[in-house]
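Here's a quick tour for anyone opening this structure for the first time. Have a look at it, then read on.

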Amino acid sequence: MIVCDSYEEMLEQSEAIASEHVQVMTDRDDWFLANMRNYGALFLGPRTNVAYGDKVIGTNHTLPTKRAGRYSGGLWVGKFLKTHSYQKVLTDEASALVGEYCSRLCMLEGFVGHAEQANLRVRRYGHVNVPYGTAAGT
């Protein structure tokens, strides 16, 4: 049992523990709903309970354990879907502009090779002669 002096301390403790199941029964249940981030399943109010969520009103009983609620949620159909992303820059001007930002960021991080991928496009599409290993733009 952890005894806390304030709602904020309760929230801090709960976030650190990142429990699989969290039952909240206070006069500020909606405050906890708005502020809690690290849990598997949250059960709000005296009319709600873990068994309801596990068996009848929840999505399932497969929830993150061992503090995994800090970075993952419960099992749901989306965990079985393959997702893709793609990018496509459509104009020379856009490629050159994005290239300048990218080049500077890469150089700040020390990734000269990545910066050169951007610089090549700044040279080609922006018609700016950026020396090798230098950040594009100013």
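## The overall layout

The chain has five helices and two strands, where helices (H or I, at least four residues) and strands (E, at least two) are DSSP runs numbered from the N terminus. Follow the sequence along and you get the pattern α-β-α-β-α-α-α.

Before going further, a word on the ground rules. This is a predicted model, so local features need pLDDT of at least 70 and side-chain atom pairs count only at pLDDT 80 or more, while totals for chains, interfaces and linings use all residues. Residues are numbered from 1 along each chain as its sequence is written, and side-chain values use heavy atoms, with hydrogens and water left out.

## Overall dimensions

The radius of gyration comes to 24 Å, whereas a compact globule of 138 residues would have one near 14 Å. That value is taken over C-alpha atoms, and the globule rule is 2.2 Å times the number of residues to the power 0.38. Along the principal axes, the C-alpha atoms fill a box of roughly 65 × 35 × 25 Å.

Of the 138 residues, 26% count as buried. Buried means under 20% relative accessible area, exposed means over 50%, and partly exposed is in between (1.4 Å probe, protein chains only).

## The nonpolar core

The largest nonpolar core has six residues: L11, V22, V24, F32, M36 and L42. Such a core is a set of buried Ala, Val, Leu, Ile, Met, Phe, Trp, Tyr and Cys residues joined through side-chain atoms within 4.5 Å.

Take L42: leaving aside neighbours within four places in sequence, L42 is in contact (heavy atoms within 4.5 Å) with V22, V24, L33 and M36.

## A buried charge and a salt bridge

E15 sits in helix α1, residues 7–17. E15 is buried yet has no salt bridge, and the nearest side chain of opposite charge, R37, is 6.4 Å away. For these charges, Lys and Arg count as positive and Asp and Glu as negative, with His and the chain ends not counted. Still, the side chain of E15 reaches the backbone nitrogen of R37 at 3.0 Å.

So where does a salt bridge turn up? The side chains of R123 and E116 meet in one (3.0 Å, N to O), and a search of the whole structure finds one salt bridge. The term means a side-chain nitrogen of Lys or Arg within 4 Å of a carboxyl oxygen of Asp or Glu. R123 counts as partly exposed because its relative accessibility is 25%, while E116 is buried, with a relative accessible area of 14%.

Definitions and conventions: Polar contact = N/O pair within 3.5 Å; in protein donor to acceptor, adjacent residues only side chain to side chain.
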